[in-house]
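Dear colleague,

I am passing on the structure below, together with some notes on what came out of it. Please read them with the sequence and the coordinates open beside you.

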Amino acid sequence: MSYQFTSESVSKGHPDKVADLISDSVANYIIDNNINYRAAVETLVTTNMVTLAGEFKSDKFDKVYIEKLVRAVVRDIGYEQDGFHWEHLKVYNELHGQSPDIALGTDNFGAGDQGLMFGYACNETEDFMPSAIHFSHRILRRLQSERTNNTLPWLQPDSKSQVTMSYDGINNPISIDKIVCSTQHKDNVTIEQVRSSLEELIRDEITEYELDKTDFLINPTGRFVIGGPDGDTGLTGRKIIVDTYGGYAPHGGGAFSGKDCTKVDRSAAYMARYLAKNIVAFGKADNCTVQLSYAIGVVEPTSVYVYADGKVRPDLADWILDNVDLTPKGIIDKFDLFNLDLPKTTNYGHFGKSDLPYEHIDLF
């Protein structure tokens, strides 16, 4: 069975990822490693403007400090452009206290909302991620490295990548059919230089596959000088497929960034990935999807589902229920999530990073 599958990634300077990183950074400050604090931070970015909205429960809420934090995040990403500059931003902080009705459900560590969360893993790559999203992330990490090191001084923060893999059977990628990469650049470089430099960089980065027959589409519309939040509005939570499995697995619909880990959108998705990855890593399946579901204020999950190697596995679901604490507090304790540095998760996907606690292989 031959088929193709495509996934995309976006850089830390993409408008939606700028919003995600601001949300995670502000939430990190508000939570302050305190398991009794709560945050749900949404961010909108556009031309020289950042707006924060959402709710929190914390003794740490200094508007002056939060504005400085927002500017520092934008500066660290690299935005010093006329239309989006860390010094010239207008910052609107509309955060407010958490609703006491919501607090009733989360103060005892019931789920912060109803919802369903999916985790996935397969044996295609060393990080147990699908190939297309794996390579899409890698291309943009390399661009970030070249920009940070000033190797390609004309690179700007806003970039996107897209990889189309060709398969000869499930979890058997055989080639890369197409690579799309668009990057913002300074005005003093030609499109020909952009295209040749990026193709050379990508060929140097991806050595696992022969790329002589791969189609490269580099900045296919041509010049890309105006970008970032000046070129397109960014919002928290609009890159949930980039954050997870590139569309190769189901998604429950909930975003991660800006939320404390009583929100099962975040914590239960981390647990579902942990379960799926361990099932594959310990040789119990070549690919695995785990679904967890919750009701607001309720401690135990409302369902557990495991689908591995093309069939439903109630035996694995039952084993998980008998041996793994799936309550929000149990997940938080398992991965020490209130000491998780949230901005470390924001870019290049929340999964496949070996230094994150829910990526550990230690279940069986």
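Two strands are taken as paired if DSSP finds at least two bridges between them. Please keep in mind throughout that this is a predicted model. By that rule, β13 and strand β14 (residues 311–312) pair in the antiparallel sense over two bridges, and within this pairing Tyr-307 stands opposite Val-312 in β14. The two strands form a hairpin with two residues between them, and in the turn Asp-309 has a positive phi of about 50°.

On its other pairing, β13 runs antiparallel to strand β12 (residues 287–294), to which six bridges join it, and here Cys-288 stands opposite Ala-308 in β13. Which residues of β13 lie on its covered face, and which on the uncovered one? In this strand, which spans residues 303–308, the covered face holds Val-304, Val-306 and Ala-308, while Ser-303, Tyr-305 and Tyr-307 make up the uncovered face.

These pairings belong to an open sheet of four strands, in the order β7-β12-β13-β14, with antiparallel pairing. The edges are taken by β7 (115–122) and β14, each of which has a single partner strand, so one side of each is left without a neighbour in the sheet. Helix α8 packs on this sheet, where it touches β7, β12 and β13, and its direction makes about 30° with that of β7.

A disulfide is a covalent bond between the sulfur atoms of two cysteines. With a pair counted as a disulfide when the sulfur atoms are within 2.5 Å, the count comes to zero disulfides. Cys-288 is in no disulfide, and the nearest cysteine sulfur, that of Cys-122, is 11 Å away. Is Cys-288 buried or exposed? With a relative accessible area of 0%, Cys-288 is buried, and Cys-261 also counts as buried, at 3% relative accessibility.

Technical notes. Residues numbered from 1 in each chain as written. Predicted model: local features only at pLDDT ≥ 70, side-chain atom pairs only at ≥ 80, totals over all residues. Heavy atoms only, no water. Buried < 20%, exposed > 50% of the residue type's maximum accessible area, 1.4 Å probe, protein only. Contact = heavy atoms within 4.5 Å. Axes fitted to C-alpha atoms, helices over the stretch in contact; angles between N-to-C directions.
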